[in-house]
Amino acid sequence: MRMNAYRRVWAAGACLAALIVALVLMPGSVAPVAPAHAQDGARVAAPHPRTNARARPSKVPSPTPAAAAQSKTLPARTPFTAEDDAIATLPGMPDVRFWADSTADFEKALPDKPGPWLALSSGGEDGAFGAGLLAGLSAAGKRPDFSVVTGVSTGALLAPFAFAGAKYDQAMREAYTKITSADIFEVGGTPESFVDTWPLKDLIAKEFTPAMLADIAAEYRRGRRLFVITTNLDAERSVVWNMGAIAAHGGDEALKLFRTVLLASSSIPGAFPPVLIDVEANGKRFAEMHVDGGAGGQFFVAPAQLMAATADYRLPASELYIFVDSSLQPDFQVVQRTTESILTQTVGMAVKVDTRLMLDRAYMVAKRSGVGFNVASIPPSFSVPSRGAFDPDYMRALFQAGYDQGKSDAPFANAPPPYPAPPVQASQPQSSQPPAKTGANQ
């Protein structure tokens, strides 16, 4: 599939996911509760459908809060043009981002020396697997010192932990094992979304502290790079944020932007509010609308042009690691004749198809570059059920599965996971009589 087709698939997928979350989280599905102000804040902001495990409402309730929210009005946005947006920069921080389709800017932002790269995928609460995998690698003493770390959606929230080092493993464990839905959203719509994610914003602010920002800035000055991807919805283009460069600026504005980007990368359009980011260009100031980085792809290694099968680009890395925070196995289920069930099954399938296609492309690029390929995904044997979005028991079990895999002798595969074989069909008894002719065969 061509890369522009990828993007169309995922734009549609984001819309479907928004509808799913709306149906699942409206009153009657999840009781409104006040957010639990836990100490952990790296919150997974995008429920990833695991269709064989999720608790489902018995009926679709009336969307009263969302409908009421839609009647509210928001201030009009300052007009700007595509030409303005193409050259827009952050006030006082012109060096902290670039378009994900700019090969020149991408190569300019990379470290001077090759090293292991890590790409962290989307996956919602399934990010607990990647967190456990990192912790297991640390415990086994074989966690690479990644020279480049990239993150999308829940991968964006995990990426600072992966980048800042093992000293943050305990905070990472708490963040991915003590979470509930109340830590992520408040039931009730806004004019831009079906739920309000102020709890997620609040908890991100508690977890990503000035001390962590200072550690990330120090690693950036050492030559390492931390990239988080958002989707600029106005431009329909992905944006790569150089989080180390943001951290190196220091001060309150840098800390605020760092947290804002993490929130934006995790905001499924329609389900969660978009994030407006102030920029300037051609003598005017305006706000761009940013949403979940997963709308442009489930993980990020390099610009699409460089990843193409027809390109001759070679990754300046020593190894490529990819953490897939989702299961790639089909989940059989007799789909009920409801909108929620149909959309859930559809999005779950689309996620797996897109992720596998992206893995195949990354594998081809690694081989073309003479770079070792290492991938880990949720094992097919993992079958712990979930009682609903952000079930802490489910996430603890998934974290432990990742931890055990990280400590194992072979935590990674050196090729994409094999495609599952078709279901075994019961053999039919052989008949000595020739088949009867029917219809047009008569």
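Here is a short tour of the model, stop by stop.

Before clicking, note that this is a predicted model, where local features need pLDDT of at least 70, side-chain atom pairs count only at pLDDT 80 or more, and totals for chains, interfaces and linings use all residues. Residues are numbered from 1 along each chain as its sequence is written, and side-chain values use heavy atoms, with hydrogens and water left out.

Start by colouring on pLDDT, the predictor's confidence in each residue, from 0 to 100. The chain average is 84, and 80% of the residues score at least 70. Now select residues 1-68: pLDDT is below 50 there, yet the stretch has 175 contacts beyond near neighbours in sequence (contact means heavy atoms within 4.5 Å). Residues 437-442 are also below 50, with one such contact.

Next, pick strand β9, residues 284-291. Strands (E, at least two residues) and helices (H or I, at least four) are DSSP runs, numbered from the N terminus. Six of the eight residues in β9 are buried, where buried means under 20% relative accessible area, exposed over 50%, and partly exposed in between (1.4 Å probe, protein chains only).

Look for E280 opposite R285. In the two-residue hairpin link, N282 has a positive phi near 50°.

Then show β6, residues 225-232, an antiparallel partner of β9 over two bridges. Here T231 faces V291.

Last stop: G141, in the loop between α5 (127-139) and β3 (148-152). G141 is exposed, at 70% relative accessible area.

How values were computed. Pairing = 2+ DSSP bridges.
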